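Me: I am new to this structure. Please walk me through it in short questions and answers.

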Amino acid sequence: MITPESFTEWRQSEVTKALFKSLFNEREWMKENLVQGNFDAENELKVKGRCQAVGLILALTYEELLDSLKEKYGD
């Protein structure tokens, strides 16, 4: 089971920080290219979806993770 403490420990680990930094930078790159109109219509929708997904990952809280796991696997 994932505890609040283990989640916090994971969020503060150097590996997680590096991963989140990479995701943040990739999302910023995608957003900048969206603003500049560098994607065709089909790819623009895909990139917007990716930006949204990365944003959800970056903002993930313990409670959201726990709710998601309960939804999928039950209590």
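**A first look**

Reply: Start with one polar contact (a pair of N or O atoms within 3.5 Å; within protein, one must be able to donate a hydrogen and the other to accept it, and residues adjacent in sequence count only if both atoms are side-chain atoms). The side chain of N33 reaches the backbone oxygen of W29 at 2.9 Å. A note on the source: this is a predicted model, where local features need pLDDT of at least 70, side-chain atom pairs count only at pLDDT 80 or more, and totals for chains, interfaces and linings use all residues. Residues are numbered from 1 along each chain as its sequence is written, and side-chain values use heavy atoms, with hydrogens and water left out.

Me: Is N33 buried or exposed?

Reply: N33 sits in helix α2, residues 14-35. Helices (H or I, at least four residues) and strands (E, at least two) are DSSP runs, numbered from the N terminus. Buried means under 20% relative accessible area, exposed over 50%, partly exposed in between (1.4 Å probe, protein chains only). N33 has 12% relative accessibility, so the residue counts as buried.

Me: Which residues is N33 in contact with, leaving aside its neighbours within four places in sequence?

Reply: Contact means heavy atoms within 4.5 Å. With those neighbours set aside, N33 touches N38 and F39.

Me: What pattern does the protein chain follow along the sequence?

Reply: The chain has four helices and zero strands. Read in order, the pattern is α-α-α-α.

Me: What is the radius of gyration of the protein chain?

Reply: The radius is taken over C-alpha atoms, and the globule rule is 2.2 Å times the number of residues to the power 0.38. For 75 residues that rule gives 11 Å; the chain is well over it, so it is more spread out than a compact globule, with a radius of gyration of 16 Å.

Me: What share of the residues in the protein chain is buried?

Reply: The C-alpha trace spans about 45 × 30 × 15 Å along its principal axes. Of the 75 residues in the chain, the buried share is 16%.

Me: How many salt bridges are there?

Reply: A salt bridge is a side-chain nitrogen of Lys or Arg within 4 Å of a carboxyl oxygen of Asp or Glu. One of them joins E42 and K46, with the closest N and O atoms 3.4 Å apart. By this rule the count is four.

Me: How far apart are the closest N and O atoms of E28 and K31?

Reply: Both residues lie in helix α2, three residues apart, about one turn of the helix. E28 is partly exposed at 31% relative accessibility, and K31 is partly exposed at 32%. Their salt bridge has its closest N and O atoms at 3.0 Å.

Me: Which residue forms a salt bridge with K17?

Reply: K17 is partly exposed, at 43% relative accessibility. The N to O distance is 3.9 Å, and the partner is E14.

Me: What accessible area do I2, L69 and Y73 have together?

Reply: L69 lies in helix α4, residues 62-73. Patches are made of residues with over 30% relative accessible area and no salt bridge: like charges are joined within 9 Å, nonpolar side chains (Val, Leu, Ile, Met, Phe, Trp, Tyr) within 5 Å. Areas come from the Shrake-Rupley method with a 1.4 Å probe; for residues, only the protein chains shown count as cover. The three residues form a nonpolar surface patch of about 290 Å².
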